[in-house]
Amino acid sequence: MKRKWLVLMLAVMTAILLAACGTGDKKATTSSSNEGSKTNTDEGGGQFRIGMEAAYAPFNWTQQGDANGAVKIADNAEYAGGYDVQMAKKIAEGLGKELVIVKLEWDGLVPALQSNKIDAIIAGMSPTAERKKTIDFTENYYTSDFVMVIKKGSKYEKATSIQDFSGAKITSQLNTSNYTVIDQIKDVKKQTAMDSFPAMRVALEAGKIDGYVAERPEGISAEAANDKFTYVKFEKGFDTDISNTSIAVGLRKGDADLEKINEILKGISEDERQKIMEEAIHQQPAAQ
């Protein structure tokens, strides 16, 4: 009888100990699960991965160090600087997230966004009607106008209208709305589009083209980089939608951060935006 009682007591004590251990494990598991869930919420924390070419100065470029507020490029020893980088920093701060810059080719930006490799495109991208078919855009964070970059002393230096470039050899950047507006110039000798502004500058200096269409920041940049260059600001310019001369943040369709990013952008005054652009033009590498 005593032996049976002792066995029963041992069984009860063992059951109590096992139950206690099980409860502790459950609490630990629940706590760990909650912490992980908190890290991944959209209310703050985590990363804000943005894609850019890092080769479109003064909007974005690549440099060797972190001077002038440049940010290290993911999986790369180099850093990205420029207007887009400074705006991206403000947006990431407003979202309470860590800014991560992913360097991609221009044609790979939208596919990377759609496949979740990046969270946003901040790369001097215009919110054209064609692009809006596949991705969403925030409000504009910069607006400019088209100019023609030319050589000083050329017969086009006194041009005031785009039609003054009739018969001229003109180009612009590949896969942009800048290239399509060239067709508005009567009898223009439209040249093959080029990958970058540095390539266009080389062609211009060599006399292979008479000019190239760009937005005003590139005109200012080209003039600062080479004293042989200047740019024409037209009195009668290209007929184009404002979306072609504006840039905005590209997001996936239905992105929950759209309105929040718009709020952040509204908090950046036009004077501050222009100041950031002027600093970017001054700080950009000479080669770009």
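Which residue in S6 is the bridge partner of isoleucine 50? In this predicted model, with residues numbered from 1 along each chain as its sequence is written, local features were taken at pLDDT of at least 70 and side-chain atom pairs only at pLDDT 80 or more, whereas totals for chains, interfaces and linings use all residues. Side-chain values rest on heavy atoms, with hydrogens and water left out.

The partner of isoleucine 50 is alanine 120 in S6, and this bridge belongs to the pairing of S1 with strand S6 (residues 120–121), which is parallel and extends over 2 bridges. Strands are DSSP runs of E with at least two residues, numbered from the N terminus, and two of them count as paired if DSSP finds at least two bridges between them. S1 is also joined by 6 bridges to strand S5 (residues 98–103), again in the parallel sense, and glutamine 47 has glutamate 98 in S5 as its bridge partner.

Strand S8 (residues 146–151) runs antiparallel to S12 and is joined to S12 by 4 bridges, with methionine 148 facing valine 232 in S12 as bridge partner. A further open sheet, of 3 strands, has the order S2-S4-S3 and antiparallel pairing, and here the edge strands are S2 (61–63) and S3 (71–72), each of which pairs on one side only. Between S2 and strand S4 (residues 79–81) there are 3 bridges in the antiparallel sense, and tryptophan 61 stands opposite glycine 81 in S4.

The structure holds 11 aromatic pairs, where rings of Phe, Tyr and Trp (its six-membered ring) pair if their centres lie within 6.5 Å, and planes under 30 degrees apart count as stacked, over 60 as edge-to-face and the rest as tilted. One of these pairs, phenylalanine 59 with tyrosine 142, is edge-to-face, at 5.9 Å centre to centre and 75 degrees between the planes. This pair links distant parts of the chain, since phenylalanine 59 lies in the loop between strand S1 (47–52) and S2 and tyrosine 142 in strand S7 (residues 136–143), 83 residues apart.

Grid points are joined across faces, edges and corners, and a volume is the space filled by probe spheres set on the points. The count comes to 2 cavities of 30 Å³ or more, of which the largest has a volume of about 90 Å³ and is lined by residues including Tyr56, Trp106, Arg131, Gln173 and Glu215. The largest pocket has a volume of about 200 Å³, and its lining includes Glu53, Trp106, Asp107, Gln173 and Asp195.

Confidence is expressed as pLDDT, the predictor's value for each residue from 0 to 100; the chain mean is 87, and 84% of residues reach 70 or more. Over residues 1–10 the pLDDT is below 50, and this stretch has 0 contacts (heavy atoms within 4.5 Å) beyond near neighbours in sequence. Residues 16–42 are likewise below 50, with 4 such contacts.

Note on methods:
On a 1 Å grid over the protein atoms alone, a cavity is a set of points where a 1.4 Å probe fits but cannot get out, and a pocket is an open set with protein on both sides within 12 Å along at least five of seven lines; lining residues have an atom within 4 Å of a point.
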